[in-house]
Amino acid sequence: MAKQIQAIRGMNDILPTQSPLWQKLEGVLRSTVSAYGYSEIRTPIVESTDLFKRSIGEVTDIVEKEMYTFEDRNGDSLTLRPEGTASTVRAGNEHGLLYNQEQRLWYMGPMFRHERPQKGRYRQFHQFGVEVYGIGTPDIDAEVLMLSARLWQKLGISEHVTLELNTLGDPAERSAYRDALVGFLEQHKDRLDEDSRRRMYSNPLRVLDSKDAGVQALLADAPALMDYLGEESRGHFSQLRELLDAVGIQYKINPRLVRGLDYYNRTVFEWVTTSLGSQGTVLAGGRYDGLVGQLGGKDTPAVGFAMGLERIVLLLETLELNLDLPAEVDVYVTAMGDNCRIEAIKLAEVLRDALPELSVMSHCGGGNFKKQIKRADKSGAAIVIILGEDELANNRVAVKPLRNDSEQQIVSRDELVSFLAGLS
Ligand code: ATP
Ligand code: MG
């Protein structure tokens, strides 16, 4: 037998049994962004490598070691997008959507990072994200957080996620802080792990979210970014907190939260869960007022977040919530005997015309009564419609419930539509 080819490690198939949950989630995402008036943007999966280097930052996990980068046939360096923000800004600049305008956008789709695959961490994964341009005030920071809180509420997982919040200040404040932090780290070089020592000069803020316990202990005595913020940054942060308090969104200030991408300023946040082990961040984002300019556009304030769909799916599965997933098939139509086959196919079409919400599967492939009923059962349909010679002759069908003990009923063909409509 020929050897079977397997999927790429860390790249998952979403199988038919899993799709209803994905569709449910995607439906909740769409209805929520629409409730806030956001518009969808779809960008290509492949972009110029430079786009990500210039936006995410050279000294970040993503750019240093996670990108799928390749040369195309023209010798251009291309990269499978590792996240959605850079592409959104690129498209916004290119099509003149950002300058002097307000845009509330959302996107959803696959992202690619060459990481070590494990639960909640894959090489192809899916993100849903929102990006808002042209509004620099904290009310919009609060809005994207309210939008995310509403997602949890609609999915029934509000009790299982918590919001962590921090502010990174503006570039000048951060740079003053960076100097102070590097000074502190230099004095305690011997207590740093290898990663932190390497990052100390290239990207010292990333030392703050080091996973190393020794480094974390050391950081208790490190200078705090909050002390380096100017009045405007402080004001922005306290207004945001006020708004969140006013709408009843609880949060925890986490001064160590710096995020892995370079482009953030002021507000940063993560929604985290303790139900997924170490891959606990389900949604992350913040303000990035400098990025549009950095990518060649006119300075435009911006804020957004990205959510990992796989982690939400895992969380929903772990919590075993009753999500009321729609059935794939409602009605299965069978035909007993050659004469009935064409009539049954026509009948199924009549039902689809009359009841567009109903999912009607027609039996194909022939076979006896037992085989057809078995197929009907396997389809998951709630009821099977049986058209045999006798029914055909009398302009009737038999309607047999498959998921409960109710009796089979004989229904006139003329009344079948209203009969089925009455069931749902
Ligand atoms: P992490 O700390 O888990 O590596 P990150 O800071 O790299 O996350 P972002 O780039 O901010 O994550 O992406 C936002 C969200 O996308 C994450 O919070 C997570 O839910 C999801 N995500 C990121 N990388 C992966 C991945 N490799 N597999 C699955 N989901 C991912
Ligand atoms: Mg990561």
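**Exercise 1. Find which atoms of E115, R121 and Y122 approach ligand 1 in this predicted model, and how far away they lie.**

Step 1. Begin with E115, which places a polar side-chain atom 2.6 Å from a nitrogen atom of ligand 1.

Step 2. Continue with R121, where a polar side-chain atom again takes part, lying 2.9 Å from an oxygen atom of ligand 1.

Step 3. Turn to Y122, for which the atom concerned is a backbone N or O atom, found 2.9 Å from a nitrogen atom of ligand 1.

Step 4. Look at the ligand as a whole: taken alone, ligand 1 exposes 580 Å², and the protein buries 88% of that area.

**Exercise 2. Describe the shell around ligand 1: how many residues surround the ligand, and of which classes are they?**

Step 1. Count the residues, which gives 15 around ligand 1, with R113, E115, R121, Y122 and R259 as the closest.

Step 2. Ask which strands contribute: β6 (124-133), β10 (281-287) and β11 (302-308) each supply at least two residues of the shell, and β10 gives the most, with three residues.

**Exercise 3. Decide whether G84 and H114 are buried, partly exposed or exposed, and say where each is placed.**

Step 1. Locate G84 in the loop between β4 (77-80) and α4 (85-94); in the UniProt record, an unreviewed entry, G84 is among the residues given the feature "binding site", as are R113 and R259.

Step 2. Apply the cut-off for a buried residue, which is under 20% relative accessible area; because G84 has 6% relative accessibility, G84 counts as buried.

Step 3. Locate H114 in the loop between β5 (103-112) and β6; because its relative accessibility is 38%, H114 counts as partly exposed.

Step 4. Compare sequence with space for H114 and P82, which are 32 residues apart in sequence and 9.0 Å apart from C-alpha to C-alpha.

Methods
Residues are numbered from 1 along each chain as its sequence is written. Chains are lettered from A and ligands numbered from 1 in the order in which they are written. This is a predicted model: local features need pLDDT of at least 70, side-chain atom pairs count only at pLDDT 80 or more; totals for chains, interfaces and linings use all residues. Side-chain values use heavy atoms; hydrogens and water are left out. A residue is near a molecule or strand if one of its heavy atoms lies within 4 Å of it. A polar contact is a pair of N or O atoms within 3.5 Å; within protein, one must be able to donate a hydrogen and the other to accept it, and residues adjacent in sequence count only if both atoms are side-chain atoms. Accessible areas come from the Shrake-Rupley method with a 1.4 Å probe; for residues, only the protein chains shown count as cover. Helices (H or I, at least four residues) and strands (E, at least two) are DSSP runs, numbered from the N terminus. UniProt positions are given in the numbering used here, feature names are shortened, and annotations may be inferred rather than shown by experiment. Buried means under 20% relative accessible area, exposed over 50%, partly exposed in between (1.4 Å probe, protein chains only).
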